[in-house]
Amino acid sequence: MLDKHQPIIALDFASVQDAKDFLTKMPKHQPLNLKIGMELYYLSGSEFVKSLVDQGHKIFLDLKLHDIPNTVERSMRILAQLGIAMVNVHAAGGQEMMTAAKEGLLSANIQSQPLLIAVTQLTSTSHEQLITEQLISSSMEDCVQHYARLALQAGLDGVVCSPQEAHLIKEVTHSHFLTVTPGIRSQHVPHTDDQKRTLDIASAIRNKCDFLVIGRPITRSNDPEQVYQQAVKMILQTRKEIDNA
Ligand code: C5P
């Protein structure tokens, strides 16, 4: 199981060796939450994922499946056998496809089921694109909430969303429906990358984010272990403050 008190580190590297080199700079002999995306998965196949699982790490396999229900179901059955902790699909694939994804995972002969979450709208999609390209006339918030409801009805465990949307998701689902949020950036360190709708760690937790996905602020840092440990400390501290309030 992924540890909610730790961020999920996005292992976005151009080679397996780069990812391995990065991991040597992280705390030793401690299971980490790691996200493997398409880049590394397409480069290294399932072998690298399996080796990380064997080392005790908890893996979120961020492949965002989106295909006909039968193909997604069969693919999920195979992915479940890798021993991963979380996997995802695009909600835009429809409720039937999401249900098929869940059934695929359930039909795999494994001890512990990975969490299944849905991508609502990509954080890179603007409201204008929603209207002009997808021909969706509702607001981004309505669309994201609608997809979250569909994912819940399909039996999924949660959604990927922007940290700014997390509380909107809880409003239309329930408190245990998971929000997994990239776009985490410090208020104090100005960033110039592509993430636009960001929140800092404490604000994200207060806004009801369950799992924080953090990539470049850790992976591109000169001292990744220190940034990681600070993030863990901040998550714990904020959760304690909320519990004591
Ligand atoms: O480096 P950074 O902290 O921006 O990493 C965020 C990670 O989350 C990246 O791997 C990115 O692909 C992923 N992601 C995202 N926005 C989404 C879905 C996934 O940033 N809506």
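Predicted model: local features only at pLDDT ≥ 70, side-chain atom pairs only at ≥ 80, totals over all residues.
User: Why is the pair Lys4 and Asp210 called a salt bridge?

Analyst: A salt bridge requires a side-chain nitrogen of Lys or Arg within 4 Å of a carboxyl oxygen of Asp or Glu. The closest N and O atoms of Lys4 and Asp210 are 3.6 Å apart, so the pair meets the cut-off of 4 Å. This pair links distant parts of the chain, 206 residues apart: Lys4 belongs to the segment before strand S1, and Asp210 to the loop between helix H8 and strand S8. Lys4 and Asp210 also belong to a network of salt bridges that includes Lys170.

User: Why can it be said that the salt bridge of Glu241 and Arg206 ties together parts of the chain?

Analyst: The side chains of Glu241 and Arg206 meet at 3.5 Å, N to O. Glu241 lies in helix H10 and Arg206 in helix H8, so the pair joins parts that are 35 residues apart in sequence. Glu241 counts as partly exposed because its relative accessibility is 40%.

User: How many salt bridges does a search of the whole structure find?

Analyst: The search finds eight salt bridges. In general, side chains of opposite charge can pair when their charged atoms come close.

User: Why are the buried residues of H3 said to line one face of the helix?

Analyst: The buried residues of H3 are Val72, Met76, Leu79 and Ala80. Seen down the helix axis, these residues fall within an arc of 90°, so they line one face. Arg74 and Ile78 are exposed on the other side of H3. The buried residues pack against helices H2 and H4 and strands S3, S4 and S5.

User: What does helix H6 pack against, and how does its length compare with the expected span?

Analyst: H6 has 14 residues and reaches 20 Å from its first C-alpha to its last, close to the 20 Å expected. Its buried residues, including Met140, Val144 and Leu150, pack against helices H4, H5 and H7 and strands S5 and S6.

User: Which residues touch the most other members of the largest nonpolar core?

Analyst: This core has 64 residues, and those that touch the most other members are Leu11, Ile36, Leu61, Met76, Leu79, Val89 and Met98. H6 gives the most to this core, with seven residues. Leu61 touches several residues, among them Ile36, Val49, Leu79 and Val87. Apart from this core lies another, of 13 residues, including Leu2, Ala85, Ile117 and Val180. In soluble globular proteins, nonpolar side chains tend to be buried together.

How values were computed
Residues numbered from 1 in each chain as written. Heavy atoms only, no water. Helix = DSSP H or I, 4+ residues; strand = E, 2+ residues; numbered from the N terminus. Expected span 1.5 Å × (residues − 1). Buried < 20%, exposed > 50% of the residue type's maximum accessible area, 1.4 Å probe, protein only. Contact = heavy atoms within 4.5 Å. Arc of directions from axis to C-beta. Core = buried A, V, L, I, M, F, W, Y, C linked by side-chain atoms within 4.5 Å. Lists of a residue's contacts leave out its neighbours within four places in sequence.
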